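Here are my notes on this model, written with your modelling work in mind. Have a look at the fold before reading on.

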Amino acid sequence: MNRPPLSRGTAYAVLAALAAVVIIVSTAIFVGVGGHGRGPASSPHETRGTAAPAASGEWVGSWSTAPAAAESNTLRGFPGMSLRNVVRNGVSGTSVRIQLSNLFGTRPLPVGHASLAVATAHDTPAAVPGTMRRLTFGGNPAATIAPGQSLLSDPVQLAVSAGSDLLVTTYTEAPSGPVTYQPQARQTSYAARGDRTEDVQGGGYTTKVPYWRYLTAVDVWSQEARGAVVAFGDSITAGVNSTVDANHRWPDFLAARLRSEPDAPRYSVLNEGISGNRILLGNSGPPPVNNPSGLERFDRDVLSRSGVRVVVMMLGVNDILRRPQVDDPQRILKGLRTLVERAHARGLRVVGSTLTPFGGHAGTVERQETTRQGVNEVIRSGRVFDAVVDFDRVLRDPRDPERLLPGYDSGDGLHPNDAGYRAMADAVDVGALRGAAVTPL
């Protein structure tokens with residue numbers, strides 16, 4: 001008998017119900033009813049980001065974002081408020097830990113309480129019953145993060161599925177100074193007054209927020225995933241102008257391919273894009289400098305991520321477009337090669353992208369196109385990266401190759417739309433993500 005297809009909302013509800021069953025069973029196995037026990041221990045000498053595969057499970061980065069700046073008008077932080085970040089989980093596993101960052105803070109960040117849960121749907125602050133976990137830090141429910149530093153939570157045992165959404169909530173009672181955040185989340189998160197870190201129903205979360213605050217990473221203990229891909233780039237990697245709450249950035253589409261295609265490596269995809277990011281220069285001003293350069297942030301945003309095996313790198317457009325503008329292709333190529341050398345020193349493979357078209361974007365001039373073409377010529381020659389994905393060829397208009405194809409242009413001549421981001425992900429040879437670092441520099 002033919003049955004009508006499930007609606008999107010009904011399908012999500014069914015998945016959430018199934019996830020809840022798995023969670024209850026797993027929790028009973030590991031810690032019994034209550035589930036606040038600790039997961040696999042994190043050794044203080046643990047090596048993160050190595051290229052060696054795990055035999056029976058490992059910590060793998062399941063979600064991440066690059067801390068980009070200090071949020072404007074947050075000199076006192078958010079005292080007396082709970083901040084609930086919504087993030088897409090990329091790895092199935094049995095235990096979870098998170099990272100909080102006070103990178104751009106100028107005062108200690110006192111975290112009074114923090115929690116983790118599985119969301120009931122992709123657009124809600126409500127948690128699946130039975131999944132709420134109180135987070136601890138060194139065994140304590142409260143922690144203080146020094147300015148410029150980050151902190152990893154203790155693991156909590158919780159069965160999570162790839163493709164589900166997680167809720168990570170922090171509460172700070174006292175003033176804490178400027179808030180470290182990612183302004184281009186393209187995901188709705190929430191805020192509430194008072195300590196509502198363990199509010200399962202989410203009724204108090206009446207304020208919607210277009211940012212991720214403090215949270216910079218989620219790791220999952222997994223026997224299924226074999227590592228992580230880090231997408232390292234600028235606003236195009238961050239997914240600027242993609243549909244909000246749809247997870248239509250190109251790294252999201254790539255992650256879906258790696259989960260579904262039978263011959264693809266079972267890697268998660270971590271998005272380390274920052275809008276306006278350059279290879280060579282960060283923003284000007286006193287430290288901590290907002291939007292640090294690719295060279296400055298590479299160790300933190302790539303090499304420190306859990307289980308990283310390969311980097312997909314797309315940087316250089318803003319070096320050409322932003323003042324002080326770089327006209328010499330060799331300076332950009334030298335910066336890219338420096339990043340590749342640092343990845344190779346950790347045994348990581350690097351897939352690099354050509355620079356995408358920006359003709360017609362506000363303020364562009366002909367000499368900038370000459371620089372872009374000079375960089376792309378060398379990248380295509382194979383003398384920079386271990387493998388190349390030609391995003392320029394994918395996105396450009398064949399009749400006017402200095403510009404984006406109209407069907408892929410979000411409207412500003414620089415950023416793709418959802419269809420363009422999907423085309424980028426489809427262009428990645430997933431087989432090229434395997435293997436060792438090979439490029440002679």
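1. **Ground rules.** This is a predicted model, in which local features need pLDDT of at least 70 and side-chain atom pairs count only at pLDDT 80 or more, while totals for chains, interfaces and linings use all residues. Residues are numbered from 1 along each chain as its sequence is written, and side-chain values use heavy atoms, with hydrogens and water left out. Helices (H or I, at least four residues) and strands (E, at least two) are DSSP runs numbered from the N terminus.

2. Five strands make an open sheet with parallel pairing, in the order 18-17-19-20-21; two strands pair if DSSP finds at least two bridges between them. Strand 18 (268–273) and strand 21 (387–389) are the edges, each with a single partner strand, so one side of each has no neighbour in the sheet. From one strand to the next, the twist averages 25°. Strand 17 (residues 228–233) and strand 19 (residues 308–314) run parallel and are joined by six bridges. Within that pairing, V230 stands opposite V311 of strand 19.

3. **Helix 6 on the sheet.** Helix 6 packs on this sheet and touches strand 17, strand 19 and strand 20 (349–353), its direction making about 155° with that of strand 20. Contact here means heavy atoms within 4.5 Å. Axes are lines fitted to C-alpha atoms, for helices over the stretch in contact, and angles run from 0 to 180 degrees between N-to-C directions.

4. **Helix 6 with helix 7.** The axes of helix 6 (residues 329–345) and helix 7 (residues 366–380) come within 9 Å and cross at roughly 45°. That makes helix 6 oblique to helix 7; angles under 35 degrees count as roughly parallel, over 145 as roughly antiparallel, 65 to 115 as roughly perpendicular and the rest as oblique. Their crossing is right-handed, a term for the near helix being turned clockwise from the far one by less than a right angle (anticlockwise is left-handed). Helix 6 contributes P329, I332, L333, L336 and R337 to the contact, and helix 7 contributes T371, G374, V375, V378 and I379. By class, the residues of this contact are seven nonpolar, two polar and one charged. Here Ala, Val, Leu, Ile, Met, Phe, Trp, Tyr, Cys and Pro count as nonpolar, Asp, Glu, Lys and Arg as charged, and the others, Gly among them, as polar.

5. **Helix 4 with helix 6.** Helix 4 (residues 294–303) packs against helix 6 at an angle of about 30°, with the axes 11 Å apart. That makes helix 4 roughly parallel to helix 6, and the crossing is right-handed. On helix 4 the contact uses G294, L295, F298, D299 and L303, and on helix 6 it uses G335, T338, L339, R342 and A343. These residues divide into five nonpolar, three polar and two charged.

6. **Helix 3 with helix 9.** What angle do the axes of helix 3 and helix 9 cross at? The answer is roughly 45°, with the axes of helix 3 (residues 250–260) and helix 9 (residues 418–427) coming within 8 Å. That makes helix 3 oblique to helix 9. Helix 3 passes helix 9 in a right-handed crossing.

7. Six strands form an open sheet with antiparallel pairing, ordered 7-6-11-3-13-14. Strand 7 (133–134) and strand 14 (207–209) are its edge strands, each pairing on one side only. Two bridges join strand 7 to strand 6 (residues 113–118), and R133 in strand 7 is the bridge partner of L116.

8. **A salt bridge across the sequence.** The structure holds 20 salt bridges, each a side-chain nitrogen of Lys or Arg within 4 Å of a carboxyl oxygen of Asp or Glu. One of them pairs R88 with D165, with the closest N and O atoms 2.6 Å apart. This pair links distant parts of the chain, 77 residues apart: R88 is in strand 3 (residues 81–88) and D165 in strand 11 (residues 165–172).

9. **Two backbone details.** Most residues other than glycine have a negative phi, and most peptide bonds are trans. The peptide bond from R323 to P324 is cis, with omega near -5°, and P324 is placed in the loop between helix 5 (317–321) and helix 6. N73 is not a glycine, yet has a positive phi of about 60°; N73 lies in the loop between strand 2 (69–70) and strand 3.
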